[in-house]
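Please read the following points with the structure open beside you, and check each of them against what you see.

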Amino acid sequence: MKVRRSVAMVLVLLTAVAALALGLTACGSSSSSGSTAAATASGTPVKGGTLTVTFQGEPTELDPAVAWEVTSWGIMRLCYQGLLTYAPKPGAAGAELAPELATEVPSATNGGISADAKTYTFHIRKGVMFQAPVSREVTAQDFKYSFERMMKEPLAPATFFYTGVVGAQAFMDGKAKEITGYKVVDDHTIQITIAKPDGTFLYAMAMMFTDVLPKEWVDKVGKQIKRKPLGTGPFVIDHWTPGQEIVGTRNPNYWEAGKPYVDTIKFDLTANPSTALLRLKTGDVDVLGDGIPAADYLRTTQDPTWGKYVYDASEIATFYVFMNVNEKPFTDAKVRQAVNYAIDTARLQKLLGGQAKALNQILPEGMPAHQADKQYYTYDPTKAKQLLADAGFPNGFKVTFYGHNVDPFPKLAQAVQNDLKAVGIDASIKLMDKATYWNLISLPQSHVGIGLTDWYMDFPDPSDFIGPLFTHPIEGGSNASFYSNPEVEKLYAASQSELDPAKRLAMFQQMQDLIMADAPAAILYQPVFNGMYGKDVGGFYYHPVWALQFQEMWKLDGK
Amino acid sequence: MSKYIVRRLLWMVVVLFFVSIITFLLAFAVPGDPAKSIAGTHATPEVLQRIRTELGLDQPLWKQYGLYLWHLIHGNMGYSYETQLPVTTAILERFPATVMIAVFGIFFELLIGIPVGMISALRQYSVRDRAFTALSLIFLSLPGFFLGMMLMYFLAYQVQIFPLGGYEGWTAPLYGILPGLTLGLGGAAWYSRMLRSSMLDILSADYVKAARAKGLPERTVVWRHIMRNAWSPIVTLLGMDVGWFLGGVLVIEVVFGIPGIGWQAWNAIQTQDLPLIMGTVLFAALLVTVSNFVVDLAYTWLDPRVKYS
């Protein structure tokens, strides 16, 4: 009997816990306090408080020379800064270059760019201090050091943006002790010479890879620099507990008057996107770093309380189907055009809910040279069938359609498969992990005929899309269509040294016309970021280059 | 006995060696390129080549494996391709979170599974037995992610008793309860079914009848005669669970946002971070072999009839 009693006791205890929980469910209700209406980029900033941001998983590292992903950049912007940045505004206005630690953006009119367009002069802001414990003024020498450190770093992924600087290649190959084209004129002046004029050089200088960090700190922390960042930004990275959180606190040395607004920014790295949304609703979290999960999007936007805290912003990116022009039957432009006519992109965008908007050209909205009224192909299966018949495939053909296995690719692959089937193309889908996939489609020997890909902007210049995606096909490159058209190549080469912006843009529009007529790609859509912030957040917006600008947000209640 | 222990330990080394070879070959059988995932899709072929050289990826396979083994023998599991941090650090940083989930998971499995199993066996075919059978089936078939989300929704969002996922270290054990319960409810079903059947076998044994016949109190019969012999399958199951849980339970970690080694390994697979994959697989294999070994030793203590030589 006693046995029964002790076992029963355990059970009673468990039932009690369960009952307690259920009982509380019955009488429990959300008691969120009604705060004032949401403020976005407008409104008066309030000082003080803690901003909590969720991310699922942590950044690989916070080293500006190496990191090349939006999560790392979002966090690094707290603490690292460079010569140039972009205007702190949403939409197209945010694509405008602005000085950060330089006093102005070099231009021909202010004498920052020489007459031959090869020499750039940057004047550095005076009185900018590195964060504690380095706590000294930033000089031109620090910028040169940081630049050379990046070019020498074996894992730096973006050195190719800067090999145009005179002497850069020799330095990387170990044939020179310094980059001769990167000159320190005096403590607050830098002069950079490039081998030939380049309309995108200032954009490259605005990327985080060139951000400044002090040599003595790098020497001191060694490899740990990846986790112990130190720069000139508004927040000091106080600590990074791996897998758990990264916390930034106000930088008392910060140079920009009145900034930053909040005292602390806490990145919570342990939230899966669905629970992050629940945490935002309970008030524990202020900003969803990963945005709203696709499955919760519709419900959240239609919610009377929370709908107004949803923030949709077009990302400057293009999702498309590439067709390898060297692989049969995609060697025939008619077949490629047929695929363009066969895909019902409107239905596909609907399938993605709020994550997609219509795009019928290579250059997405927000990218210069994008033409709002342009529509190269419309959904027209009859025409697609006709083109296939003209190409000698009246009964269609069989093909393997490739993609990686991360959302939304599997969804897209199925939708495209359906549409192709309707015009007689029998596609079997093959999905794999990302690392395998990106490698596979970059190699001509993989003989991938057709598949999915996407491209996100590095900087707001159309060369960033047209160049890597549709010119100069090389093994291991990004031109998955292995497309090359002599006319496009010629225009592209000419555009590189064309200094008149209007002429340059016209050239890119012409290139886009040529490429779309050849149809090495079928454009699917432009992705949309579905952001969300809490009731107490001010200053929230989505920047076209930097994405979420945590360091510029504030708390309405200052807590 | 000591001979047996030495032999088992040697076998463990052999097992780990083969695990390392298989993992290494499997990772290489995948036609990806870690350099591509480090540099991103925008990098040029020159940059990729430089990264491959830096990481030694351009060396022949046997050389890469040899070097890996050489370092391993010296206690160095190498550096993660992605973060460039030592693999040992990466695993040990994430391990406490995994241990926390494992401890809570096993605690709830036993807390629920053993009493339920005992009641079911001692009151076979009673209403409670049938109810427990039905519940066991339900919890066995509920996927962990669903159960986890439900528990979180009701016990952390609707009623805010527990945190909505996350992990704040061992000083905040509250974060371990819901993940532990999710693991425990599913696992308890196994334990209760196992215990029920092993107890039922024993209940009809002659020595139990004898014990009862000589008038021993029921408590003594159950604990000294029945349970003593019913423990073995439970211990086996426990040994397997310890190894399995400590290797990282991915689904639970992702649902609850627990930064454990399972989640880390999953990321490593996505980015083809070979040293980190190798490290985690070896670490998990070590845990499984060690816990099996401990279980085997435990048998000799539980059941004096078991002897190893």
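How many residues of chain B are in contact with chain A, and how many residues of chain A do they meet?

1. The contact between the chains. 57 residues of chain B are in contact with 49 residues of chain A, where two residues count as being in contact if their C-beta atoms, placed from the backbone, lie within 7 Å. The elements of chain B that give two or more residues to this side include α2 (34-39), α3 (45-55), α5 (87-122) and α10 (218-246), and the largest share, eight residues, comes from α5(B). Helices are DSSP runs of H or I with at least four residues, strands are runs of E with at least two, and both are numbered from the N terminus.

2. The basis of the model. This is a predicted model, in which local features need pLDDT of at least 70 and side-chain atom pairs count only at pLDDT 80 or more, while totals for chains, interfaces and linings use all residues. Residues are numbered from 1 along each chain as its sequence is written, and chains are lettered from A and ligands numbered from 1 in the order in which they are written.

3. The makeup of the chain B side. By class, the side of chain B that touches chain A has 29 nonpolar, 17 polar and eleven charged residues; here Ala, Val, Leu, Ile, Met, Phe, Trp, Tyr, Cys and Pro count as nonpolar, Asp, Glu, Lys and Arg as charged, and the others, Gly among them, as polar.

4. The domains of chain A. The domain assignment, which is automatic or comes from a database, gives domain 1 (33-265 + 530-555) and domain 2 (317-528) of chain A. Their C-alpha centres lie 33 Å apart, and 14 residues of domain 1 are in contact with 14 residues of domain 2.

5. Helix α11 of chain A. In α11(A) (residues 381-390), Ala384(A), Lys385(A), Leu387(A) and Leu388(A) are buried, a residue being buried if 20 or more other C-beta atoms lie within 10 Å of its own, with C-beta atoms placed from the backbone. Seen down the axis, these buried residues fall within an arc of 160 degrees, so they line one face of α11(A); the arc is that of the directions from the helix axis to the C-beta atoms. What covers them includes α9 (333-342) of chain A.

6. Helix α3 of chain A. The buried residues of α3(A) include Ala140(A), Asp142(A), Phe143(A) and Met151(A). The buried residues of α3(A) cover an arc of only 170 degrees around the axis, which puts them on the same side of the helix, and what covers them includes α4 (168-172), β5 (182-186) and β6 (189-193) of chain A.

Conventions
Buried ≥ 20, exposed ≤ 12 C-beta atoms within 10 Å, placed from the backbone.
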